[in-house]
Amino acid sequence: MSVSEELDGFVIGYVPAGVGAEVSDFASEWEDVRFRTRVWERQVEEGYRVDMRVHVLRAGRLTTLEELRDFLAAYHERDADDWRLDGFDTGGVPGLAGDGEAFSLVGPGVAVDVLADPERVPEAELRAVAAAIRPA
């Protein structure tokens, strides 16, 4: 799929310096949740390494931030009760961040999720990426 400035109705307004220059878009689905994903990766000796991913998720079942957290915990095979997350604000939209991931429920059934390699993208930068994602 070709890469554009827009990702499923959203503009990613900030990409940190140092993330890979290889950019790809993908579409997928898991447990009736549709994903549109943009990936930034770089070439390493072993092949390619993903530095950052942005997902736009769409599903009627994602109606609260807690439901989104529980879905993402299952998707990433994490224990939702042990997942250490802190609240943050993405332009008036509450979100959660921790352990290389920041996400928010933009509206009923629509969420944005940013994942990054903590060695390449510190948590402050991760939050800045999440805060700069806006509807197109």
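Q: Which residues does Asp 113 touch, not counting residues up to four places away in sequence?
A: This is a predicted model, where local features need pLDDT of at least 70, side-chain atom pairs count only at pLDDT 80 or more, and totals for chains, interfaces and linings use all residues. Residues are numbered from 1 along each chain as its sequence is written, and side-chain values use heavy atoms, with hydrogens and water left out. Contact means heavy atoms within 4.5 Å. Asp 113 touches Arg 53, Val 54, His 55, Leu 57, Leu 72, His 76, Glu 101, Ala 102 and Phe 103.

Q: Which strand order does the open sheet of 7 strands have?
A: Strands are DSSP runs of E, at least two residues. Two strands pair if DSSP finds at least two bridges between them. Asp 113 lies in β9 (residues 110–116). Pairing is antiparallel, in the order β3-β4-β5-β9-β8-β7-β6.

Q: What angle does the direction of helix α2 make with that of β9?
A: Helix α2 (residues 123–131) packs on the sheet and touches β5, β6, β7, β8 and β9. Axes are lines fitted to C-alpha atoms, for helices over the stretch in contact; angles run from 0 to 180 degrees between N-to-C directions. The angle is about 150°.

Methods: Helix = DSSP H or I, 4+ residues; strand = E, 2+ residues; numbered from the N terminus.
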